[in-house]
Amino acid sequence: MLGIEKEVSIFLSACLLGNAVSLIYCVLCVFRRIIKHTLFWVSLEDFAFWVGTGLYVFTEMYRTCNGSIRWYFVLGVLAGGGVTIRFAQKLVKKVIDKRKKKR
């Protein structure tokens with residue numbers, strides 16, 4: 001049985017993991033805006049990203065939760081990713097809008 005301090009620590013590390021995954025995906029989206037891709041390459045990039053992300057998140061969950069599924073870990077990843085996506089989308093949109101105005 002884990003103590004509440006350990007559970008909070010795991011939740012916060014899961015939030016950071018969600019942040020990292022979201023930031024990497026935002027970078028991938030910006031790369032796609034800079035260099036236009038066909039549907040085939042977008043699909044291939046997404047497939048590779050999500051397979052890699054799924055494996056990494058699974059191994060981190062397995063390592064930090066001693067092989068058991070803890071729903072607060074899953075919620076932490078989703079919460080961290082959601083917060084990052086929300087702010088990153090606004091920031092990326094502002095940068096792209098400023099770039100369009102300069103042209």
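Residues are classed as buried under 20% relative accessible area, exposed over 50%, and partly exposed in between (1.4 Å probe, protein chains only). The structure described here is a predicted model, in which local features need pLDDT of at least 70 and side-chain atom pairs count only at pLDDT 80 or more, whereas totals for chains, interfaces and linings use all residues. Residues are numbered from 1 along each chain as its sequence is written, and side-chain values use heavy atoms, with hydrogens and water left out.

Helices are DSSP runs (H or I, at least four residues), numbered from the N terminus. Helix α1 comprises residues 4-34, helix α2 residues 39-64, and helix α3 residues 71-102. Arginine 70 is placed in the loop between α2 and α3.

Side chains of opposite charge can pair when their charged atoms come close. The search of the whole structure returned three salt bridges. In one of them, the side chains of arginine 32 and glutamate 45 meet at an N to O distance of 2.9 Å. Because arginine 32 lies in helix α1 and glutamate 45 in helix α2, this pair ties together parts that are 13 residues apart in sequence. Both arginine 32 and glutamate 45 are buried.

Arginine 32 also forms a salt bridge with aspartate 46, with an N to O distance of 2.6 Å. This pair likewise links distant parts of the chain, with arginine 32 in helix α1 and aspartate 46 in helix α2, 14 residues apart. Aspartate 46 is buried, as is arginine 32.

A salt bridge is also found between the side chains of glutamate 60 and arginine 63, at 2.6 Å from N to O. Here both residues belong to helix α2 and are three residues apart, about one turn of the helix. The two partners fall into separate accessibility classes: glutamate 60 counts as buried because its relative accessibility is 17%, whereas arginine 63, at 55%, counts as exposed. Through shared partners, salt bridges join Arg32, Glu45 and Asp46 into one network.

Glutamate 60 takes part in a further interaction through its backbone. Its backbone oxygen lies 2.8 Å from a polar atom of the threonine 64 side chain. Such a polar contact is defined as a pair of N or O atoms within 3.5 Å; within protein, one must be able to donate a hydrogen and the other to accept it, and residues adjacent in sequence count only if both atoms are side-chain atoms. Threonine 64 is situated in helix α2 and has a relative accessible area of 16%, so this residue is classed as buried.

Surface patches were also assigned. These are made of residues with over 30% relative accessible area and no salt bridge, like charges being joined within 9 Å and nonpolar side chains (Val, Leu, Ile, Met, Phe, Trp, Tyr) within 5 Å. Accessible areas come from the Shrake-Rupley method with a 1.4 Å probe, and for residues only the protein chains shown count as cover. Ile4, Val8 and Leu12 make a nonpolar patch of about 280 Å². Of these, isoleucine 4 lies in helix α1 and is exposed because its relative accessibility is 55%.

A positive patch is formed by Arg86, Lys90, Lys94, Lys98, Lys101 and Lys102. For this assignment, Lys and Arg count as positive and Asp and Glu as negative, while His and the chain ends are not counted. The place of a charge is taken as NZ of Lys, CZ of Arg, CG of Asp or CD of Glu. Lysine 102 belongs to helix α3 and is exposed, with a relative accessible area of 75%.

Separations between C-alpha atoms were computed for selected pairs. Cysteine 29, located in helix α1, is partly exposed at 29% relative accessibility. Between cysteine 29 and aspartate 46, 17 residues apart in sequence, the C-alpha distance is 10.0 Å. Glycine 54 of helix α2 is partly exposed at 39%, and its C-alpha atom is 18 Å from that of threonine 84, 30 residues apart in sequence. Arginine 70 is partly exposed, with a relative accessible area of 27%.

Technical notes:
Salt bridge = Lys/Arg side-chain N within 4 Å of Asp/Glu carboxyl O. Helix = DSSP H or I, 4+ residues; strand = E, 2+ residues; numbered from the N terminus.
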